[in-house]
Amino acid sequence: MIELGKYQELTVVRKEEFGVYLGESRAAGPDERILLPKRQVPAGTEMGDKISAFVYRDSEDRMIATVSRPLIALHEVAVLKVAEVTKIGAFLSWGLEKDLLLPYAEQTKDVHKEEEVLAALYIDKSGRLAATMNVYPYLSTDSPYHEGDSADGLVYQFAHNFGYFVAVDRKYSGMVPIREAQSGFQIGQTLTFRVTRVLEDGKLNLSAKKKAFEQLEPDAEKVLKKIQDDFNGTLPFDDKADPEKISEVFGLSKAAFKRAAGHLYKERKIEIGKGFIKANDT
C-alpha cells in the first residue's frame, strides 16, 4: 500500500510524456499507481526501475510522488519556517512546492511570518498532510542520555501543573519540572540542560542549572548584583522570606537563595539582619 507522507521504494509501471506512474510492484493496477511528474523523473529511467519517492498531495489534492526530500516526514519533528499566515492557519516551508498547513487549532501560540517553529507532520481527518505544534506525542523516548549528561534542547511548551516541555536534540522527549523552572524560559529558546533523571518510560527530566556546588558562585553574583542595582544596596527581606517572593525577585528556589546568601555572608559581601540583607561597600 502506498503511504502518504512517507518515503517508499516504488516501481515504474507505466511511462507517459508527462511523467511515469509508480506502484508497489509491476502488477499494480490503475487505482494503485501515483504519478511522478516528468521534471522529477531521473534521466534514463526505464520500466521496472525502482525509485525512492516521497508521497504527498498536490495543489489539486491528488496523491503525487516526488524525488525531492522535504524537511519532515510523517510523525517526524522538525523546525520549519512560517511562509505565510492566513485565515485558515499558517503555512510552513518544508522543501516542497506546496507549503504545509499549520491549522490554528494545532498552534500552541501565535506564529508570525519568517518565524521558525517546532512542528510534527500528521494526517488530518480529511486525509491530508498537516503540521502540528503539539509535538509531545511525536517525540522519541529512546534517547542515548543518562543522568548527569548535558544535552541541548528546544523549549516548545509550558504547562502550569508540570513545567516546561523540551525537545532534546529536537527529537527526544524532555521536561523541566515546575520546581526547577525558576529562570523564566522563553518558548522557542534553545538551551543546554543537565539530565537530572531518566524516567522508566525513557522521558528525560532536565534542569538548566548546574549542580549545587557549581551553581553557587553564579547565584551569589546574581543576588549581590540584584541587591546593589535594584534595591540601592538593601534588600527589604532576609533569607527566611517566602519562597514565592524569593522566586519572583531572584528567579531562584529558597534553598538556592539561602546558599547564595550564606556564601556572600562568609565572603563579607553582605550583612544579614532581621528582615533585610545589606550589601557591604567594596
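Let's start at leucine 80. Leaving aside neighbours within four places in sequence, leucine 80 is in contact with Leu71, Ile72, Leu92, Ser93, Trp94, Leu100, Glu115, Glu116 and Val117. Contact here means heavy atoms within 4.5 Å.

A word on the source. This is a predicted model, where local features need pLDDT of at least 70, side-chain atom pairs count only at pLDDT 80 or more, and totals for chains, interfaces and linings use all residues. Residues are numbered from 1 along each chain as its sequence is written, and side-chain values use heavy atoms, with hydrogens and water left out.

Back to leucine 80. Leu80 belongs to the largest nonpolar core, which has 34 residues. Leu22, Tyr56, Leu80, Leu92, Trp94, Leu100 and Leu129 touch the most other members. A nonpolar core is a set of buried Ala, Val, Leu, Ile, Met, Phe, Trp, Tyr and Cys residues joined through side-chain atoms within 4.5 Å. Buried means under 20% relative accessible area, exposed means over 50%, and partly exposed is in between, using a 1.4 Å probe and protein chains only. Which strand gives the most to this core? Strand E4 does, with 5 residues. Helices (H or I, at least four residues) and strands (E, at least two) are DSSP runs, numbered from the N terminus. Apart from this core lies another, of 19 residues, among them Phe237, Ala241, Val249 and Ala279. In soluble globular proteins, nonpolar side chains tend to be buried together.

Glutamine 8 is found in strand E1, residues 7-16. Is glutamine 8 buried or exposed? Glutamine 8 has a relative accessible area of 11%, so it is buried. A polar atom of its side chain lies 3.2 Å from the backbone oxygen of lysine 6. Not counting residues up to four places away in sequence, glutamine 8 touches Met1, Ile2, Glu3, Ile51, Ser52, Ala53 and Val55.

Glutamine 40 sits in the loop between strand E3 (34-37) and strand E4 (50-57). Its relative accessibility is 16%, so glutamine 40 also counts as buried. Neighbours within four places aside, glutamine 40 is in contact with Thr66, Val67 and Ser68.

Now the charges. A salt bridge is a side-chain nitrogen of Lys or Arg within 4 Å of a carboxyl oxygen of Asp or Glu. By this rule the count comes to 13 salt bridges. Take glutamate 97 and arginine 39, which pair at 3.2 Å, N to O. Glutamate 97 lies in the loop between strand E7 (89-93) and strand E8 (100-103), and arginine 39 in the loop between E3 and E4, so the pair ties together parts 58 residues apart in sequence. Glutamate 97 is exposed at 63%, and arginine 39 is exposed at 62%.

Glutamate 115 and lysine 109 form a salt bridge at 2.4 Å, N to O. Glutamate 115 is buried at 19%, while lysine 109 is partly exposed at 29%. Asp58, Glu60 and Arg62 are linked in a network of salt bridges.

Last stop, helix H3, residues 254-266. How far apart are its end C-alpha atoms? They are 18 Å apart, which agrees with the 18 Å that 13 residues should span at 1.5 Å a residue. That expected span is 1.5 Å times one less than the number of residues. The buried residues of H3 are Ala256, Phe257, Ala260, Ala261, His263 and Leu264. They cover an arc of only 160 degrees around the axis, so they lie on the same side of H3. The arc is that of the directions from the helix axis to the C-beta atoms. Just after H3, arginine 268 takes a positive phi of about 60 degrees.

Terms used: Polar contact = N/O pair within 3.5 Å; in protein donor to acceptor, adjacent residues only side chain to side chain.
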